[in-house]
Each structure stands twice: as C-alpha cells, then as structure tokens.
Amino acid sequence: MTRTLQLVVVLLCGLAAAQQQALMDYLERRLLAIEDRISLWHEQTSRYASELREFKQQMVAQLEGLDKNKEALRTELDSVGARVDRVEREMDYLETQNGAQPCVDVDDKLVEQQVTVAKERNKAKYAKLTDCSDMISSIKAMKILKRMGGSKGMWTKDMGSSSGKVYIFNSTGEDMLYEFSSVRDFTASQGTSAASTIQLPSAWGGMGHAVYNNYLYYVKDGEEIRLVKFDLQKSKVVDSAVFPAKDQLPVYTLNPETYVDLAADEEGLWAIYATKENENHVSLAKVDPKTLAIEQMWDTPCQRENAEAAFVVCGTVYVVYNSKLPSRSRIQCVFDVSDMVTNDDAPTVYFPKRYGTHSSLKYSPLEQLLYAWDDGYQILYKLQMKKKLDV
C-alpha cells in the first residue's frame, strides 16, 4: 500500500514538473514576442522620427521660400503702387491741362468754360460798377502797429463791410487764422491772446487772400489753383472753383509762394495772376464774388520780375517792386481797365523806408488804407488820392 502511494506521488510530481516546464516555455515565447514587438516599435519610431525631421526640413525650406516670395511680392506691390500714384498724378495733370472731364464737378466745368467767354471780352470796354475815378498820387503816412508772426503772412479787414474785424494769416500755408474784433484790440493784444481762431477745412497757399462782405476768399494749398469761398459767420465752405488759367506761375518773383492774389476795391473782387503764356507780365481778372465766375481778363504791361505785391484801386492795378536785396519799395507800373490812365501818365510812387520786402498789400476802399505785412511787422499806409481825369 505504501509503495503504491509513493508511486502516485512520484507520478504527480512528474506531472507538475511537466506542467511547470510547459508554462515556462509559454512565458518565454510570450516574452520573445513582446521583445519582437518592442524592437519593431523602436524601429518604426526611429523611422517616423527620421521622416518627421525630413518633413520639418522641407517645411522650413518652403517657409524660407515663401518669405522670399513674400518680400518679392511686397516689392512688386510697392512698385505697382508707385506707378499707380504716378499715373494718378499724370491724369490729374492731364485733366488740368485738357479741361474738365465728365467726372469733374459741375462748378469746375462752369468756371473753366468761362475762360473762352472772358478772353472774348478782353477787347471789350470794361463796364464800371461805380463812378470811382480815384488814383494814387503818393503815400501820405505810414504807421507801424506791431510785430506778430513770421516773416511772411497777410493781415486784412473785411474790405466790403464796416465790421472793423481784423484777420491774421500767419505764414504762407496754414489752416487756422486769427480774428480780432478791431485794429485797436489787435494792436493792444499780446500775441494772439485776444483773438478768436477760425479753423479752415483746408490749408491756404501763398498770401493772396481776401475778406469781402463776410466771406473769406482764399487760395487752397495744392497742385491745382482752387479758389474757396468760406462763410465766416457759418464757418463753412459755400463754393469753390478751379482758377481757369493754364500753366500758372508765381505772380511775384520776390514772393514765389503766391500764384493768385485776390484783391478787393470799390468795383468788387479781382484776381492778379501770371501764366506761361504771358510769363514776363502780370495778368488781371475780374471775379464775381457770388459765383467765383471770371467775368473778364486782361494782360497787363507790368513785369513779374522783382515784383513783390500788387493791389487794385478803382479798377487800376498797382504793381509794387523792390529788389532781391530789400531796398525801398515803389509803384512803377499801373494798369487801368478803363484806359483812363496809362503807365506813362502815372508817377512812380515810393513807399517810406522800411524793414524789408512786403509779402502782401491789401487795399481797404472804405478807409483808403493799405494793410501791409513786412517781415512780420503789420503796417498801415495812408494813401493820398487824386482824380484820374487830373492826370
């Protein structure tokens, strides 16, 4: 019995040993399979990493190429933009040279069409609006009020009304002017402390502006010569028009910033200008203050060379001359639209000795005074008059 039991135990132990060996073999095979998979994963990971690096290098190269293309495209766009700007400027120039096109404002076309009519009237006798027949015989007196502002500018009153207000245009191109209630307040003020400011919608150009019957007429700064009518009471632009003259030049060689000099007298509003067509001489135009239409135009015998300013009295334009080295200003050329006075008949009128060269001279028909700007000094000249028939 005992021997049988021993045999059973031996059999059971052999069976257990065989099962254990089988289990070990199975585990070993599984571990080998896992190792193979891990090895394959490492291989695939290495390949993916390599492909990723190659892809990254390709993307970097493409991005660098895109940056270069972007810079090239930007350069081409800048070049195209410059060409477009040049074409626009050339189109603006051609429109100015060749007259109004359909896209131009109606007001501009009307003003430009008046050139032909105005030139046809050149030989017609000027129809005076008043019986004014005064002309300047001498400068009776001079009064220096103060010095305010830069070397070039303009000051004036409303030359068509008795409001008494004074307007200051400091420099040759700004968009803000100063208004004083009277000459006395202007003289007594410290700088512009007592002034009201008037903001314009655009900057003016030159020193050839006029205040007439509560409106400011100024020359807009820019490539084209545009007249702007500004309501001083309502602070808004009520009209504007391109000045209908081709190839304009500075009207005074000593003040080349001024291309159109607007002037008021007993007869109304005038424009003094110059063109290449008559480049050595000053021209004159009668302006309708209501519509800015040009009513009549004249070529005068007055030279532009060494001219510093001009003004109009009773339909006669007086051109003032100086020299490049400032000396004594003098009126040595006149032109009367009514042909009552010739340049040979009019005497040369000298201004009192001053500081330099006038940048502007504005005549007040109500006071028979000249409002002058001389190197930052504001000066009044009292005029001595005589009748044109007495010449």
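Leu27 counts as partly exposed because its relative accessibility is 41%; partly exposed lies between buried (under 20% relative accessible area) and exposed (over 50%), with a 1.4 Å probe and protein chains only. Leu27 sits in helix H1 (residues 2-98). Together with Leu23, Met24 and Tyr26, Leu27 makes a nonpolar surface patch of about 390 Å². Such patches take residues with over 30% relative accessible area and no salt bridge, nonpolar side chains being joined within 5 Å. A salt bridge is a side-chain nitrogen of Lys or Arg within 4 Å of a carboxyl oxygen of Asp or Glu.

The model is predicted: local features need pLDDT of at least 70, side-chain atom pairs count only at pLDDT 80 or more, and totals for chains, interfaces and linings use all residues. Residues are numbered from 1 along each chain as its sequence is written, and side-chain values use heavy atoms, without hydrogens and water.

The chain holds three helices and 20 strands, taken as DSSP runs of at least four residues (H or I) and at least two (E). Of its 391 residues, 41% count as buried. The accessible surface is about 21800 Å², and 52% of this belongs to carbon and sulfur atoms; areas come from the Shrake-Rupley method with a 1.4 Å probe.

The average pLDDT of the chain is 85, and 88% of the residues score at least 70; pLDDT is the predictor's confidence in each residue, from 0 to 100. Confidence is highest in strand S6 (residues 210-212), at 97, and lowest in helix H2 (residues 106-120), at a mean of 49. Where pLDDT is low, the predicted coordinates should not be read in detail.

Terms used
Patch = residues over 30% accessible without salt bridge, like charges linked within 9 Å, V, L, I, M, F, W, Y side chains within 5 Å.
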